[in-house]
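Good morning, and thank you for coming.

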Amino acid sequence: MSKTSKSAAGNTSKRRTRKVGGKSSRPAPPQRRTTTAASLRTPKVHSPALPARPSKKSAIVALLERPDGAAISDLTDATGWQVHSVRAALTGLRKEGKELVRAKDAAGVTHYRLAANA
């Protein structure tokens, strides 16, 4: 082999990889934490009995506990979800062990409700 072919083959393993992302090798300067006197005096206490905000799942359960139950349109209006998301939530309730009862009214609309023993 000639000298040029050996050096070309040998240089391929010694090539430096290029850094991607444009990040420098210097560490970022530390950020200052600012605390106010009010945040130090008032401890944040969360009650485990009351959720921070009502969940959409609890809104669905509340609608399903009504005597007539709720139609899919009622559940989508209450949560703002799409129909397939409401149906997935109903499946999740079934997997949790809650028994759902389906019934059609005179207009042919299906109403879902939780069974009395669930």
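Helices (H or I, at least four residues) and strands (E, at least two) are DSSP runs here, numbered from the N terminus.

A word on the source. This is a predicted model, in which local features need pLDDT of at least 70 and side-chain atom pairs count only at pLDDT 80 or more, while totals for chains, interfaces and linings use all residues. Residues are numbered from 1 along each chain as its sequence is written, and side-chain values use heavy atoms, with hydrogens and water left out.

Three strands make up an open sheet, ordered 1-3-2, with antiparallel pairing; two strands pair if DSSP finds at least two bridges between them. Strand 1 (70-71) and strand 2 (100-104) are at the edges with a single partner strand each, so one side of each has no neighbour in the sheet. Strand 1 is joined to strand 3 (residues 110-114) by two bridges, and Ala71 stands opposite His111 in strand 3.

Next, helix 3. This helix, residues 56-64, lies across strand 1, strand 2 and strand 3, and runs at about 100 degrees to strand 3. Such angles run from 0 to 180 degrees between N-to-C directions, with axes fitted to C-alpha atoms, for helices over the stretch in contact. Contact means heavy atoms within 4.5 Å.

Which residues of helix 3 are buried? They are Ile60, Val61, Leu63 and Leu64, where buried means under 20% relative accessible area (1.4 Å probe, protein chains only). Down the axis of helix 3, these buried residues fall within an arc of 165 degrees, so they line one face of the helix. The arc is taken from the directions from the helix axis to the C-beta atoms. Their cover includes strand 1, helix 4 (72-79), helix 5 (83-95), strand 2 and strand 3.

Helix 4 has Ile72, Leu75, Thr76 and Thr79 as its buried residues. Those residues fall within an arc of 100 degrees, so they too line one face of their helix. They pack against helix 3, strand 1, helix 5 and strand 3.

Finally, the core. A nonpolar core is a set of buried Ala, Val, Leu, Ile, Met, Phe, Trp, Tyr and Cys residues joined through side-chain atoms within 4.5 Å. The largest has 13 residues, of which Ile60, Leu64, Leu75, Leu90 and Leu93 touch the most other members. Helix 3 gives the most to this core, with four residues.

Note on methods. Buried < 20%, exposed > 50% of the residue type's maximum accessible area, 1.4 Å probe, protein only.
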